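Hello,

Here is the structure I promised to pass on. Please have a look, then read my notes below.

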Amino acid sequence: MSSDDEPKEPEEPFIPLGSEQPPDEPATDENLDAHAAIARSLSPAVPGALRKEARAFFDGAMYAYTEGDLAGARLSFLAVAAVGDPDTAPAAMVFLGVIAFRRRDAAEARMWFARAASGADAHWALVATQELRRLG
């Protein structure tokens, strides 16, 4: 049986996971409220074992970031943000915004900065707010 006679598998459709185009409209108050709710969900009720794991991921992310491994840093920062540890997640969200901006994904950068700006950590909220202003 030749390769021409073999049944071909149907090609899977390409589904883009993000857009290279910035959103047409600025974020509405409704969208910012959603970011604020996510940021408020970072609570000290995170179990100690998860906090320790988030700290390890954060340390690894910072090492990768300083070494120029943005893809590796991004994955570790995503893990930190997913755990939601209030000590490390706000900084991770800011760094995720910086990495997204360096990848020229302004929409994702705005999302991460908005989440960090809505959080309880005053330092990282201020940094994120300044970055949002720079993005315009």
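From the N terminus on, the elements run α-α-α-α-α-α. That makes 6 helices and 0 strands. Please keep in mind that this is a predicted model.

Overall figures first. The protein has 136 residues, and 29% of them are buried. Its accessible surface is about 9300 Å². Carbon and sulfur atoms account for 55% of that surface. Take the contacts between residues at least 6 apart in sequence: 54% of these join residues at least 24 apart.

Now the core. The largest nonpolar core holds 21 residues. Inside it, F77 and F113 have the most contacts. Which helices each supply at least two of its residues? They are α2 (48-66), α3 (70-83), α4 (89-102), α5 (106-117) and α6 (122-135). The most comes from α4, which gives 8 residues.

Leave out residues up to four places away in sequence, and F77 touches F58, A61, M62, A92, F95, L96 and I99.

Next, S76. This serine sits in helix α3. Is S76 buried or exposed? Its relative accessibility is 16%, so S76 counts as buried; the cut-off for buried is under 20%. Setting aside neighbours within four places in sequence, S76 is in contact with F57 and A61. A61 is also among the residues that F77 touches.

Best regards

How values were computed: Residues numbered from 1 in each chain as written. Predicted model: local features only at pLDDT ≥ 70, side-chain atom pairs only at ≥ 80, totals over all residues. Heavy atoms only, no water. Core = buried A, V, L, I, M, F, W, Y, C linked by side-chain atoms within 4.5 Å. Buried < 20%, exposed > 50% of the residue type's maximum accessible area, 1.4 Å probe, protein only. Helix = DSSP H or I, 4+ residues; strand = E, 2+ residues; numbered from the N terminus. Contact = heavy atoms within 4.5 Å. Areas by Shrake-Rupley, 256 points an atom, 1.4 Å probe, with all protein chains shown as cover.
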